[in-house]
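Have a look at the sequence and the 3D structure below. Keep both in view as you read.

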Amino acid sequence: MLSDVRRVVLKIGSSSLNHQQGGIDERAIDEIVSVIAALKEDGVECIIVSSGAVAAGMGQLKLQGRPRDLAGKQAVAAVGQGVLIEMYTRNLEQHGIIAAQVLLSRIDLAQASHYRNAQNTLEKLLRLQVVPIINENDTVAVEELCFGDNDTLSALVAGLVGADLLVILTDVDGLYTANPKKDSSAQLIKEVTEVSAVESMASGAGSLLGTGGMVTKLRAAKIATRFGIGMLLLNFTRLQELNFLTKGQSPEGTYFQPVKHRLAGRKRWIAYAGLTEGSIQVDDGAAKALVEEGKSLLAKGIIAVEGTWERKEIVRIINTKGEEIARGVAELTRDEVQTVKGLHSEKLHQLFRDFDGEEVVHRDNMTLI
Ligand SMILES: Nc1ncnc2c1ncn2[C@@H]1O[C@H](COP(=O)(O)OP(=O)(O)O)[C@@H](O)[C@H]1O
Ligand SMILES: N[C@@H](CCC(=O)OP(=O)(O)O)C(=O)O
């Protein structure tokens with residue numbers, strides 16, 4: 001199945017790029033670039049999502065620890081991003097390949113016009129045979145409005161460019177039954193068909209530089225596979241095995257199978273790219289109707305609201321345990337939902353004359369999480 005790959009997104013984490021003496025290990029960049037060159041030679045289009053701006057900045061500024069505050073992290077990333085991209089550009093040039101830096105902010109994927117713009121630019125770059133090197137625009141990202149980790153960003157990018165495969169390179173052989181750095185009896189899982197079945201195995205980052213650990217990698221797996229894109233979690237030390245991707249040999253790691261019925265464009269955006277500022281809590285009956293019966297959300301199943309939103313904005317739908325079960329476009333504002341919660345649907349039109357629907361969130365505008 002992996003031999004059909006024509007377009008691949010490769011995500012490289014800080015833990016793979018980090019030099020023991022601090023800063024970025026240029027040998028790691030050199031290795032990635034040689035694999036990219038071989039893949040391109042075989043006709044595979046490559047997009048890199050690379051972390052490492054903070055690690056590179058720490059090297060330049062000779063800092064021992066990762067900055068904890070937002071301004072400190074943003075300043076260090078600003079120093080490091082230039083160094084990082086210079087290394088990629090120089091190394092790719094040696095193979096006759098041109099690099100492009102693309103820095104994305106959360107807002108770029110949240111607004112439809114920005115999304116299409118980013119999509120068109122990346123498509124153009126690929127047509128020009130350029131390798132886009134993407135990172136979060138750390139220097140200007142506002143805390144509440146950032147991806148926070150490049151695993152999630154890489155899955156959204158894979159969807160954005162319509163990749164056939166997402167490869168996440170890291171410092172372990174794949175997903176284990178428990179964190180292998182803490183539990184020596186942990187077993188490697190080679191294939192995952194249902195991400196939610198393995199979620200409880202993941203824990204946080206394994207190094208001082210990594211962000212999110214296995215938790216964010218599984219979140220990325222969930223997003224990519226629901227988009228219909230397979231995800232391979234691979235140890236950076238096995239990077240060279242990607243050279244055989246087009247020759248029918250799959251690298252040794254954990255492969256997450258794409259779902260059979262992938263999410264349509266709008267449902268993808270509702271679940272993962274659009275921004276959410278509020279939540280609606282529903283009772284057990286409504287939760288069952290949404291999750292098991294594919295129903296819309298009606299006012300009578302709503303028990304509480306939190307946050308704020310306007311009509312047609314995205315809200316989280318949470319169950320009585322506070323767990324998110326779905327996201328969808330709210331037909332009414334926060335205050336309107338607060339007024340109608342628990343009421344029968346016919347009351348909605350009596351209360352709001354300009355509203356002629358029956359649902360607070362229509363099924364067609366909702367994605368289960
Ligand atoms: N179930 C698990 N299987 C494998 N690794 C796990 C698991 N749970 C937690 N981890 C940790 O996740 C780490 C990889 O994530 P992270 O440190 O963020 O790296 P990166 O910089 O590559 O994104 C591993 O080094 C490991 O310590
Ligand atoms: N954007 C940040 C990286 C954030 C991140 O997700 O790091 P990692 O978990 O190492 O992939 C940087 O370039 O340092």
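This briefing covers a ligand shell, some annotated sites and a sheet. The model is predicted, not an experimental structure. Ligand 2 is surrounded by 18 residues.

**The shell around ligand 2**

- Among the 18 residues around ligand 2, the closest are Gly13, Ser14, Ser51, Ala53 and Val54.
- The most comes from α3, which gives three residues.
- Sorted by class, the shell has 10 polar, five nonpolar and three charged residues.

- UniProt, in an unreviewed entry, lists Ser51, Asp138 and Asn150 under "binding site".
- These residues are spread over 100 residues of sequence, yet they cluster in space. The largest C-alpha distance among them is 10.7 Å.
- Serine 51 sits in the loop between β2 (45-50) and α3.
- Is serine 51 buried or exposed? Serine 51 is buried, because 27 other C-beta atoms lie within 10 Å, and 20 or more are enough to count as buried.
- Beyond its neighbours within four places in sequence, serine 51 contacts Ile12, Gly13, Ser14, Asn135 and Asn150.
- Asparagine 150 belongs to helix α7 (residues 150-161).
- Asparagine 150 is buried too, because 27 other C-beta atoms lie within 10 Å of it.
- Leaving out neighbours within four places in sequence, asparagine 150 is in contact with Lys11, Val49, Ser51, Asn135 and Glu136.

**A second annotated group**

- The unreviewed UniProt entry also places "binding site" at a further set of positions, including Lys11, Thr170, Asp171 and Gly212.
- Glycine 212 is found in the loop between β6 (191-192) and α8 (213-226).
- Why is glycine 212 called partly exposed? It has 19 other C-beta atoms within 10 Å, so it falls between the limits of 12 or fewer for exposed and 20 or more for buried.

**How the strands pair**

- Strands of a sheet pair through backbone hydrogen bonds, in a parallel or an antiparallel way.
- Strand β9 (residues 276-282) pairs with β10 in the antiparallel sense, over five bridges. Here, glutamine 281 has alanine 304 in β10 as its bridge partner.
- Strands β11 (residues 314-318) and β12 (residues 324-330) run antiparallel and are joined by five bridges. Isoleucine 314 has valine 329 in β12 as its bridge partner.
- Together, β11 and β12 form a hairpin with five residues between them. In the turn, glycine 322 has a positive phi of about 85°.
- How many bridges link β12 and strand β13 (residues 361-368)? There are four, and the pairing is antiparallel. Alanine 330 has valine 361 in β13 as its bridge partner.

Terms used
Residues numbered from 1 in each chain as written. Chains lettered and ligands numbered in written order. Predicted model: local features only at pLDDT ≥ 70, side-chain atom pairs only at ≥ 80, totals over all residues. Near = placed C-beta within 6 Å. Helix = DSSP H or I, 4+ residues; strand = E, 2+ residues; numbered from the N terminus. Nonpolar A, V, L, I, M, F, W, Y, C, P; charged D, E, K, R; others polar. Pairing = 2+ DSSP bridges. UniProt positions renumbered as here; feature names shortened; annotations may be inferred. Contact = placed C-beta atoms within 7 Å.
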